[in-house]
2 protein chains.
Amino acid sequence: MPQADASPRKVTLSDIADGCGVSRATVSLVLRGSPLVNADTRARVQAEFRKQGYVYNRAAANLRSGTSSAVALIVNDLSNPYFAEFAAGVDEALAGAGCVTLLGSTGESAERQDQVLASLLEHAPAGIILSPAEGSDGAAVARRVGVHTPLLVFNRELAGDFDLLALDNRHGAQLATEHLLALGHRRIAFFGGHRDSSSCRQRREGFVAALADAGIAAEPGWMVETAPTRLEAARQAGALFARDPAPTAAVCYNDAVALGLQLGLAARGRQSGRDFAVVGFDDIPEAAVSSPPLTTIGTDPRARGRQAAYRILARSRDATIAATRTIAPVRLVVRESSCKPSKDLA
Amino acid sequence: MPQADASPRKVTLSDIADGCGVSRATVSLVLRGSPLVNADTRARVQAEFRKQGYVYNRAAANLRSGTSSAVALIVNDLSNPYFAEFAAGVDEALAGAGCVTLLGSTGESAERQDQVLASLLEHAPAGIILSPAEGSDGAAVARRVGVHTPLLVFNRELAGDFDLLALDNRHGAQLATEHLLALGHRRIAFFGGHRDSSSCRQRREGFVAALADAGIAAEPGWMVETAPTRLEAARQAGALFARDPAPTAAVCYNDAVALGLQLGLAARGRQSGRDFAVVGFDDIPEAAVSSPPLTTIGTDPRARGRQAAYRILARSRDATIAATRTIAPVRLVVRESSCKPSKDLA
DNA sequence: CGCCGCATTTGGATCGATCCAAACGCATGC
DNA sequence: GCATGCGTTTGGATCGATCCAAATGCGGCG
């Protein structure tokens with residue numbers, strides 16, 4: 001019977017050793033499943049583990065062995081469903097590998113990011129997965145992280161020689177644009193995002209390239225900038241219809257912006273999927289259940305999270321692996337928000 | 001100039017001591033801001049910190065001092081926006097207190113929860129915040145956690161003498177129901193959730209009580225059970241209209257279910273806020289931007305997260321604090337999904 | 001001149017695990 | 001009887017910080 005003994009002191013490896021008359025070293029070997037120990041001894045020690053309710057002290061082990069089983073994950077904001085999904089993927093993969101996730105969030109502030117990095121580094125993580133805050137300085141990050149901890153940059157470019165996992169933003173926007181072109185649209189806007197963010201820049205490039213391939217020049221007045229939030233996007237929807245002719249469709253910076261645009265359209269008596277076509281980017285869970293369901297570019301953030309975790313674990317096992325830049329593929333998910341141009345507008 | 005020296009070994013406190021000709025003990029005192037050390041010495045040591053690029057090794061310090069600055073947070077699923085918000089709140093408060101968040105997720109499996117608890121305990125956290133997986137056994141949790149680590153149970157009841165932070169589910173459902181009654185509804189359903197979850201049970205109780213106060217008996221056929229997901233809820237929407245007369249309004253188990261119900265209604269040619277009133281529970285971010293925006297019960301998960309963090313920190317500083325049960329208040333957030341009963345249905 | 005008190009500094013033990021070289025018991029072979 | 005080898009076990013040093021009792025330097029005071 002495991003006794004819920006309210007003992008004052010924690011049980012250590014020495015207690016186990018004393019308890020069954022072997023040395024600490026032997027107990028340690030059992031702990032790590034070494035084939036060296038005799039089957040009998042192993043059984044006795046393991047019984048003692050249960051009897052005394054031993055819990056392994058990983059910090060002590062790490063101190064001696066110099067390795068660590070924690071990985072730091074730093075995102076801007078967990079309440080962003082895209083990052084939440086990503087974090088869930090990271091945690092899932094790390095847990096599967098027997099590692100634990102150290103969480104940090106920056107709230108898009110480069111200053112806080114530096115503090116969070118410093119704080120997490122004190123726990124000597126095996127690696128760091130960082131989605132850089134806007135405006136972060138690659139050199140500052142590199143200086144803070146140092147040469148001992150592998151770093152994987154996710155989602156945004158960061159100046160410097162970093163391991164990178166990014167989305168194929170350019171190709172995704174291209175897919176979205178081509179989809180609208182194939183439906184018959186000719187007057188297409190690019191809606192939302194901040195021009196100075198690398199992901200927005202890349203998506204705009206893909207958009208412009210797809211239009212160019214179809215022999216269409218992007219209309220500067222239809223490249224509308226907004227904060228990447230629903231609310232801001234809803235407010236700015238009017239900018240699309242400032243002049244005549246107005247666009248009949250929009251490629252949006254991301255799903256949040258697209259959902260905001262849907263609201264903004266509704267407020268102006270239009271409805272996406274009926275008299276205006278909207279395409280998002282990310283395929284966050286809400287995209288499938290908005291009204292109408294949003295056509296978007298699927299990035300599978302959970303799978304990206306798992307991928308990031310595997311990458312950082314591989315690098316922490318073998319520090320000689322060179323930093324690589326991975327561009328994860330994306331795919332078009334067609335739902336109902338993208339319609340053909342209505343006749344009276346075409 | 002901070003030199004980005006690619007030194008092979010990590011800088012330790014001894015290196016600093018050697019570097020400026022004092023003992024390790026003195027350096028340690030500087031590190032902890034002790035008033036004992038001479039201002040001159042302190043300055044010299046701090047200069048050396050910067051020069052050598054020292055990073056504190058918290059694991060080593062914890063080993064000796066027996067304390068830890070990490071707090072474990074275990075939730076079912078980060079991709080649930082309610083938990084994501086909660087986690088963001090926890091992390092925010094912990095970071096403010098100089099602590100770090102250890103993340104774990106159970107995916108609603110009691111078995112995985114036990115594994116995750118075991119894994120996180122090996123890092124000797126200062127405390128654990130646990131949102132128990134469905135069907136978890138309080139005794140098993142208590143046995144696993146032991147007496148050395150303060151535990152705060154969040155969101156769900158767990159049999160046993162635990163520190164608890166829960167929502168006022170009963171009162172929230174009562175508010176929702178009273179709101180619909182005040183609008184003139186008399187035929188009101190309770191939609192979604194699993195009967196065996198404690199939160200669903202409490203919400204149902206509040207619902208039934210509010211109806212009873214108005215002299216109305218709850219109709220068993222209108223207590224519809226579903227998994228607490230959008231998809232499942234959308235599928236089950238038809239169950240409300242199986243018989244005549246049908247309800248004119250529904251109190252939903254949570255927002256996810258309410259959003260699903262809105263979709264299910266639309267698929268049947270009805271629209272919430274026009275010919276059927278819907279009230280949710282939680283006030284997740286999507287609630288404000290669904291169509292129409294959802295009337296719901298605000299629980300402020302981010303504030304709950306901060307509250308949980310403060311509670312567990314207080315307990316870890318003073319273990320003699322008795323376990324307490326806190327029921328956090330909730331409030332009604334009226335939006336557009338709750339309308340008066342339409343005349344032809346009333 | 002020697003002793004005291006104050007401010008500051010220090011060596012050594014310690015936390016709980018791991019690593020390593022060495023030792024142990026025992027059967028085998030010459 | 002002694003060296004050899006194998007399977008198993010072990011003591012002691014070690015990781016990087018903290019804790020504590022004791023030492024140090026120094027100015028003042030009887």
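Here are some numbered notes on the predicted model above.

1. **Ground rules.** This is a predicted model, so local features need pLDDT of at least 70 and side-chain atom pairs count only at pLDDT 80 or more, while totals for chains, interfaces and linings use all residues. Residues are numbered from 1 along each chain as its sequence is written, chains are lettered from A and ligands numbered from 1 in the order in which they are written, and side-chain values use heavy atoms, with hydrogens and water left out.

2. **Overall shape of chain A.** Chain A comes to 12 helices and 12 strands (DSSP runs numbered from the N terminus: helices are H or I with at least four residues, strands are E with at least two). Its radius of gyration is 26 Å, well over the 20 Å that the globule rule gives for 346 residues, so chain A is more spread out than a compact globule. That radius is taken over C-alpha atoms, and the rule is 2.2 Å times the number of residues to the power 0.38. Along the principal axes, the C-alpha trace of chain A spans about 90 × 45 × 35 Å.

3. **Burial, contacts and surface.** In chain A, 51% of the 346 residues count as buried (buried is under 20% relative accessible area, exposed over 50%, partly exposed in between, with a 1.4 Å probe and protein chains only). Of the chain A contacts with a separation of 6 or more, 69% are between residues 24 or more positions apart; contact here means heavy atoms within 4.5 Å. The accessible surface of chain A is about 15,000 Å², with 51% of it belonging to carbon and sulfur atoms (Shrake-Rupley method, 1.4 Å probe; for residues, only the protein chains shown count as cover).

4. **Charges.** Chain A carries 38 positive and 36 negative side chains, and the centres of the two sets lie 3 Å apart. Lys and Arg count as positive, Asp and Glu as negative, and His and the chain ends are not counted. Each charge is placed at NZ of Lys, CZ of Arg, CG of Asp or CD of Glu.

5. **Nonpolar cores.** The largest nonpolar core has 90 residues, and those with the most contacts inside it are A:I129, A:F191, A:L261, B:I129, B:F191 and B:L261. A core is a set of buried Ala, Val, Leu, Ile, Met, Phe, Trp, Tyr and Cys residues joined through side-chain atoms within 4.5 Å. Apart from it lies another core, of 38 residues, among them A:V100, A:L117, A:V153 and B:I74. As for B:I129, beyond its neighbours within four places in sequence, its contacts include B:V71, B:L73, B:F86, B:F154 and B:I312. As background, nonpolar side chains in soluble globular proteins tend to be buried together.

6. **Cis peptides.** A cis peptide bond joins A:D244 and A:P245, with omega about 0°, and another joins B:D244 and B:P245, again with omega about 0°. A:P245 is in the loop between α10 (230-236) and β8 (249-252) of chain A; B:P245 is in the loop between α10 (230-236) and β8 (249-252) of chain B.

7. **Positive phi.** Most residues other than glycine have a negative phi, and most peptide bonds are trans. B:A124 has phi near 50°; it is in the loop between α6 (110-121) and β3 (127-130) of chain B and is partly exposed at 26% relative accessibility. B:N155 has phi near 80°; it sits in the loop between β4 (151-154) and β5 (163-167) of chain B and is buried at 13%.

8. **B:V75.** This residue is in strand β1 (residues 70-75) of chain B and is buried, with a relative accessible area of 0%. B:V75 and B:N155 are 80 residues apart in sequence and 10.0 Å apart in space, C-alpha to C-alpha. Leaving aside neighbours within four places in sequence, B:V75 is in contact with B:F83, B:G104, B:S105, B:T106 and B:S131.

9. **Two loop residues in chain A.** A:T226, in the loop between β7 (223-224) and α10, is buried at 2% relative accessible area. Beyond four places in sequence, its contacts include A:F191, A:H194, A:E232 and A:V257. A:D168, in the loop between β5 (163-167) and α8 (169-183), is partly exposed at 24%. Not counting residues up to four places away, A:D168 touches A:F281, A:I327, A:A328 and A:V330.
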